Amino acid sequence: MQAFCPTCANLLMVEFFDLTGLRYACQTCPYVYNVDRKLAKKHSLHSDQKVEDVIGPPEEWELADKTEACCPKCEHGYAFVVNLQISAEGEPPTSFYKCANGKCSHRWREG
Ligand SMILES: [Zn+2]
Ligand SMILES: [Zn+2]
């Protein structure tokens, strides 16, 4: 995911704090964007859990990249993608998608 600091324009990094909190933090200045939401415990996410349980409010999607991805529901060719580290440290992040078709907005996850 690429989100940029509004004060110095450097790349913001997603990081966890307080065990379950999530925020975007600038690496070169004190800017921090707190995501006002608590993630489920890192290791309690199961494959049958809904994407909405992990990504709910729209603020993540405002920072999301648009990418080429085929929506499984409407077969639209583009989706917004958010990558989150929800599994163990060192494992690849999980990608969450939201269909870029405004009439569909279907959400799904990968990884
Ligand atoms: Zn900054
Ligand atoms: Zn769709």
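Reader: In which strand is E15 found?
Author: This is a predicted model, and the answers rest on it. E15 is partly exposed, with a relative accessible area of 25%. The strand in which E15 is found is β1.

Reader: Which residue meets E15 in a salt bridge?
Author: Leaving out residues up to four places away in sequence, E15 touches G21, L22, R23, A25 and Q27. A salt bridge needs a side-chain nitrogen of Lys or Arg within 4 Å of a carboxyl oxygen of Asp or Glu. The N to O distance of this bridge is 2.9 Å, and the partner of E15 is R23.

Reader: Is R23 buried, partly exposed or exposed?
Author: Buried means under 20% relative accessible area and exposed means over 50%, with partly exposed in between. The relative accessible area of R23 is 23%, so R23 counts as partly exposed.

Reader: How many salt bridges does the structure hold?
Author: The side chains of E15 and R23 form a salt bridge. By the rule used here, the count of salt bridges comes to one.

Reader: What is the C-alpha to C-alpha distance between Y33 and L22?
Author: Y33 is found in strand β3, which covers residues 32-35. Y33 counts as partly exposed, at 25% relative accessibility. In sequence Y33 and L22 are 11 residues apart, and from C-alpha to C-alpha the distance is 9.0 Å.

Reader: In what pattern do the helices and strands follow one another along the chain?
Author: The secondary structure consists of two helices and seven strands. Read along the sequence, the pattern is β-β-β-α-α-β-β-β-β.

Reader: What share of the contacts between residues at least 6 apart in sequence joins residues at least 24 apart?
Author: A contact here means heavy atoms within 4.5 Å. Among the contacts in the chain between residues at least 6 apart in sequence, the share that joins residues at least 24 apart is 31%.

Reader: Which parts does the aromatic pair of Y97 and W108 tie together?
Author: The structure holds two aromatic pairs. One of them is formed by Y97 and W108, and this pair is stacked, with 5.2 Å from centre to centre and 15 degrees between the planes. Both Y97 and W108 are buried. Y97 lies in residues 94-99 and W108 in residues 107-110, so the pair ties together parts 11 residues apart in sequence, namely strands β6 and β7.

Reader: Over the ring of which residue does the charged end of K66 sit?
Author: A charge counts as sitting over a ring if NZ of Lys or CZ of Arg is within 6 Å of the ring centre and within 35 degrees of the ring normal. The charged end of K66 is 5.7 Å from the centre of the ring, which belongs to Y78.

Reader: Which residues make the nonpolar surface patch of about 270 Å²?
Author: F4 lies in the segment before β1. At 49% relative accessibility, F4 counts as partly exposed. The residues that make this patch are F4, L11 and M13.

Reader: What is the phi of A9?
Author: Most residues other than glycine have a negative phi. A9 is in the segment before β1 and counts as exposed, at 54% relative accessibility. A9 is a residue other than glycine with a positive phi, near 70 degrees.

Reader: Where is E75, which has a positive phi of about 65 degrees?
Author: E75 has this positive phi although it is not a glycine. At 63% relative accessibility, E75 counts as exposed. E75 is placed in the loop between β4 (65-68) and β5 (78-84).

Reader: How much of the chain counts as buried?
Author: The accessible surface of the chain comes to about 6800 Å², of which 50% belongs to carbon and sulfur atoms. The chain has 111 residues, and the share that counts as buried is 32%.

Technical notes. Residues numbered from 1 in each chain as written. Chains lettered and ligands numbered in written order. Predicted model: local features only at pLDDT ≥ 70, side-chain atom pairs only at ≥ 80, totals over all residues. Heavy atoms only, no water. Helix = DSSP H or I, 4+ residues; strand = E, 2+ residues; numbered from the N terminus. Buried < 20%, exposed > 50% of the residue type's maximum accessible area, 1.4 Å probe, protein only. Areas by Shrake-Rupley, 256 points an atom, 1.4 Å probe, with all protein chains shown as cover. Phe/Tyr/Trp six-rings, centres within 6.5 Å; stacked < 30°, edge-to-face > 60°. Patch = residues over 30% accessible without salt bridge, like charges linked within 9 Å, V, L, I, M, F, W, Y side chains within 5 Å.
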